[in-house]
Amino acid sequence: MKRMMIALTFAAAFAPCALHAQSAAEIATAKDEIWALERSIYAGRAKGDLSSYADNLAKGYLAWPPVSAKPLGTTTLKASAAATHTSQEKLEMTFVDFSMNGNTAVIYYNTHRTRRADGTPCDDHFDTTHTWLREDGKWHVFAGMARITPGSAAPLGHE
């Protein structure tokens, strides 16, 4: 009887997950929406405008850029977005993969930077992940991590 109760408890706990599994079309739509948001963030960044990023943050946002000793939160990103920037940065992003479960999604991509914000030519490569949360039908960045791709020329301090 005890085993049956445990089995029923597990079945009840995981049943809602099975009932709400996304279809391939729902996953593809979410991937396309999030990938468009990512490209918008980087298009703004290349112009020195981080507002597209700062305006899409989920509560509790935390991300770890490759040039930071620890993850940074909303305050740091919003302060940077509020500052006036000029940028000559040139970035090309390549989609790698996407994972989704309910209202949470993780996108994986590579970024190739050929010009830094100050105009210096470079050949920097980064691997990036962002975790997105869907709240009230809209996707918001919740977490992220980027690393300098092993073998890349990117020195620390030049994200």
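Mentor: One term to start. Helices, of at least four residues, and strands, of at least two, are DSSP runs, numbered from the N terminus. And remember that this is a predicted model.
Trainee: OK. Where is Ala-81, then?
Mentor: In helix H4, which covers residues 74-82.
Trainee: What does Ala-81 contact, leaving aside its neighbours within four places in sequence?
Mentor: Leu-50, Ser-51 and Ala-54.
Trainee: And how far apart are Ala-81 and Arg-45?
Mentor: In sequence, 36 residues. In space, 9.4 Å from C-alpha to C-alpha.
Trainee: New topic: the sheet. What order do the strands take?
Mentor: E2-E1-E6-E5-E4-E3. The six strands form an open sheet with mixed pairing. Strands E2 (72-73) and E3 (90-101) are the edges, each pairing on one side only.
Trainee: Which strands does H2 touch?
Mentor: E3, E4, E5 and E6, as H2 packs on the sheet. The direction of H2 makes about 150° with that of E3.
Trainee: How many bridges join E5 to E6?
Mentor: 10, and the two strands run antiparallel.
Trainee: Now rings. How many aromatic pairs are there?
Mentor: Four. Among them is Tyr-42 with Tyr-109, edge-to-face, 5.8 Å centre to centre, with 90° between the planes. Tyr-42 sits in helix H2 and Tyr-109 in strand E4, 67 residues apart.
Trainee: Are those two buried or exposed?
Mentor: Both Tyr-42 and Tyr-109 are buried. Ring pairs also link them with Trp-35 and Phe-95 into a cluster.
Trainee: What lies over the face of Phe-95?
Mentor: Lys-31, at 4.8 Å from the ring centre.

Definitions and conventions
Residues are numbered from 1 along each chain as its sequence is written. This is a predicted model: local features need pLDDT of at least 70, side-chain atom pairs count only at pLDDT 80 or more; totals for chains, interfaces and linings use all residues. Side-chain values use heavy atoms; hydrogens and water are left out. Rings of Phe, Tyr and Trp (its six-membered ring) pair if their centres lie within 6.5 Å; planes under 30 degrees apart count as stacked, over 60 as edge-to-face and the rest as tilted. Buried means under 20% relative accessible area, exposed over 50%, partly exposed in between (1.4 Å probe, protein chains only). A charge sits over a ring if NZ of Lys or CZ of Arg is within 6 Å of the ring centre and within 35 degrees of the ring normal. Contact means heavy atoms within 4.5 Å. Two strands pair if DSSP finds at least two bridges between them. Axes are lines fitted to C-alpha atoms, for helices over the stretch in contact, and angles run from 0 to 180 degrees between N-to-C directions.
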